[in-house]
Amino acid sequence: MRLLFLIVLFGYSLAMYACNEERQREIQLRIQPVGEVSVQGQAQAELGNKTPGDAGAKNEPGKDTYEHYCIVCHREGLAGAPKFRDEHDWKPRLSERKLDELLASSIKGLNAMPVKGTCIKCSDEDLKAAISYMLPKS
């Protein structure tokens, strides 16, 4: 009887330990940092930051920038933004302008679009790649 009691007690203590590990993981997820602080003029290499354009070559150019910053408005067409790869929405903009003019509009902001589409860290090449990624594939 004592042996059975010790085995049950041992099993129960292991189960409690496993629950504690799961709780520890949940706590770690809840308290992880939301963002990073960067000092203007400090090199990004020193900070260890990666801009969306620095992502691996396996993704299409501009995809990461689009998914982090542009998708909010361009997925559903909020505030008149042209929808992602929708020919009907992009056709009037492409007939009137070239890619460099679209880039200039995205840098300065246009209508409800904020400056650089909220991607202040993005370079002009990152924005150009994101615009090219959003354009229809035809």
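Reader: Which residues does Tyr66 touch, not counting residues up to four places away in sequence?
Author: Tyr66 touches Ile71, His74, Arg75, Phe84, Ala130, Tyr133 and Met134, where contact means heavy atoms within 4.5 Å. This is a predicted model, in which local features need pLDDT of at least 70, side-chain atom pairs count only at pLDDT 80 or more, and totals for chains, interfaces and linings use all residues. Residues are numbered from 1 along each chain as its sequence is written, and side-chain values use heavy atoms, with hydrogens and water left out.

Reader: And which residues of helix 3 meet helix 6?
Author: Lys63, Thr65, Tyr66, Cys70 and His74 in helix 3 meet Asp126, Ala130, Tyr133 and Met134 in helix 6. Helices are DSSP runs (H or I, at least four residues), numbered from the N terminus.

Reader: Turning to cysteines, which two does a disulfide join?
Author: A disulfide (a pair of cysteine sulfur atoms within 2.5 Å) links Cys119 and Cys122, with an S to S distance of 1.6 Å. The torsion about their S-S bond is about 70°, so the disulfide is right-handed.

Reader: Is Cys119 buried or exposed?
Author: Cys119 is buried, at a relative accessible area of 1%. Buried means under 20% relative accessible area, exposed over 50%, and partly exposed in between (1.4 Å probe, protein chains only).

Conventions: Helix = DSSP H or I, 4+ residues; strand = E, 2+ residues; numbered from the N terminus.
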